[in-house]
Amino acid sequence: MSVLLVCAMAFTGCKVTSQETAKKEIVISKDMKWSDKMALTLMKRHPESYMLDDAKKPKWDYVHALVLHSIEELYKKNPDPRYKAYIRGYVDELVQADGSIKTYELDKYNIDLVVPGRLLFDIYAETKEEKYLKALQTIRQQLTEQPRTASGGFWHKQIYPNQMWLDGLYMGEPFYAQYTLTFENGKSFDDIAKQFELIQLHATDPKTGLLYHGWDESKAMPWANKETGNSPNFWSRALGWYVMALVDVLDYMPKDHPKQKELVKYLNNASAALAKYQDKSGLWYQVTDKGGEKGNYLEASGSSMFAYAFAKGANKGYLPSKYKKMANKAFDGLTNVLIKKVDEDGGITLTNCCQVAGLGGTPYRDGSYEYYVNERKKDNDPKATGPFILAALELNR
């Protein structure tokens with residue numbers, strides 16, 4: 001019996017004892033669905049789940065959480081015990097016996113670090129172990145204390161005062177929505193809706209309908225427009241975080257909640273704007289509205305995120321059915337254009353993934369067109385592979 005299977009059956013925080021054994025056990029067949037192919041590729045290349053993104057030691061991090069959340073969703077469709085063990089390995093590496101979380105620093109108020117909390121809900125529901133509840137409560141405490149703009153929006157991080165980034169809506173709100181539904185009788189749904197209302201109100205470009213990457217309410221940052229506070233460009237992954245946040249929050253917000261229709265409207269508005277910029281390949285460019293300009297390229301993470309949000313939105317009835325066709329076209333682009341080779345072991349590689357992009361900081365990031373198109377790329381970056389798996393699941397591919 002495999003080490004991973006024993007781990008899952010034992011239902012404890014069992015770690016894989018041999019990376020080589022784990023590698024040998026994983027067979028990737030060409031007949032598998034894309035969702036399984038990608039998950040097993042990542043598991044084979046990163047035998048311990050904390051190794052995702054080529055990490056050398058365990059770290060509480062949103063990129064790991066994004067991939068592991070996608071594998072969690074995959075497990076619901078294909079209950080392979082290796083998937084469950086892989087997720088559990090990460091959580092139990094980081095959540096300590098007293099419920100404290102290794103490497104997590106609440107007082108940095110980094111909203112990115114809320115995302116891994118999503119992995120705790122199912123494990124706590126299944127085990128009822130106090131340490132997972134305490135860890136959930138710690139992440140919830142961060143949101144209670146998270147600094148806010150004067151109008152009530154979560155700062156992206158303590159080091160980025162008065163700024164909301166589109167990324168932050170995905171980082172904070174799906175966890176917040178699941179927590180308030182599970183433990184608070186839904187008391188915070190109005191606050192969750194407010195985060196979307198603020199970014200929709202302030203960061204939407206009236207001409208294109210697209211949303212800018214960041215909004216500085218104080219208008220103090222050098223990258224911020226002095227009249228609007230917005231950053232200067234549209235970045236596909238930021239828009240991807242935003243539409244993914246909407247479809248995921250809607251999983252938890254009751255249909256009869258007064259704000260539910262508002263969020264569905266935001267999803268429709270953003271999706272309609274994005275649809276105009278879908279390339280004939282099915283993909284989207286790194287800088288969304290500047291396809292074909294020098295240096296711009298068809299980018300994997302934003303395209304995967306849009307495919308997921310469009311497919312899920314259509315499947316759930318939030319978006320018209322035509323978006324399912326657009327999602328399938330996007331997925332065809334990902335598999336035909338950006339997966340250029342298959343390894344001898346059946347592993348797949350998604351190319352043209354922007355590795356990282358942000359605003360401000362050191363060295364300074366100015367949000368210019370040149371900045372976005374020149375940021376480094378990384379094959380199979382987690383910000384692309386996680387949404388790729390999620391899109392594949394929604395499309396049954």
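1. Helix 5 sits mostly under cover, with 12 of its 14 residues buried. Keep in mind that this is a predicted model. The buried set runs R82, Y83, A85, Y86, I87, R88, G89, Y90, V91, D92, E93 and L94, and you'll spot charged side chains in that list, R82, R88, D92 and E93 among them.

2. The length of helix 5 checks out. It covers residues 81-94, and at 1.5 Å a residue its 14 residues should span 20 Å; the end C-alpha atoms are 20 Å apart, so the two agree.

3. On to the cysteines. A search of the whole structure turns up 0 disulfides. C353 is in none, and the nearest cysteine sulfur to it, that of C354, is 9.1 Å away.

4. Are C353 and C354 buried or exposed? C353 has a relative accessible area of 0%, so it is buried. C354 also counts as buried, at 0% relative accessibility.

5. Now the largest pocket, which holds about 510 Å³ of space. It is lined by 25 residues, and the ones closest to its centre are Y62, D112, Q355, V356 and K383. By class, the lining has 10 nonpolar, 4 polar and 11 charged residues.

6. Which helices build the lining of the largest pocket? Helix 4 (62-77), helix 8 (166-183) and helix 10 (236-249) each supply at least two residues. Helix 4 gives the most, with 3 residues.

7. The second largest pocket has about 310 Å³ of space. Of its 18 lining residues, H69, E73, K76, D251 and K312 are the closest to the centre. The class count for this lining is 5 nonpolar, 2 polar and 11 charged residues.

8. Several helices contribute to the second largest pocket too: helix 4, helix 6 (120-127), helix 12 (300-315) and helix 15 (382-395) each supply at least two residues of the lining. Helix 4 again gives the most, this time with 5 residues.

Terms used: Residues numbered from 1 in each chain as written. Predicted model: local features only at pLDDT ≥ 70, side-chain atom pairs only at ≥ 80, totals over all residues. Heavy atoms only, no water. Disulfide = S-S within 2.5 Å. Buried < 20%, exposed > 50% of the residue type's maximum accessible area, 1.4 Å probe, protein only. Helix = DSSP H or I, 4+ residues; strand = E, 2+ residues; numbered from the N terminus. Expected span 1.5 Å × (residues − 1). 1 Å grid on protein atoms, 1.4 Å probe; cavity = no way out; pocket = protein on both sides within 12 Å on 5 of 7 lines; lining within 4 Å. Points joined across faces, edges and corners; volume = space filled by probe spheres on them.
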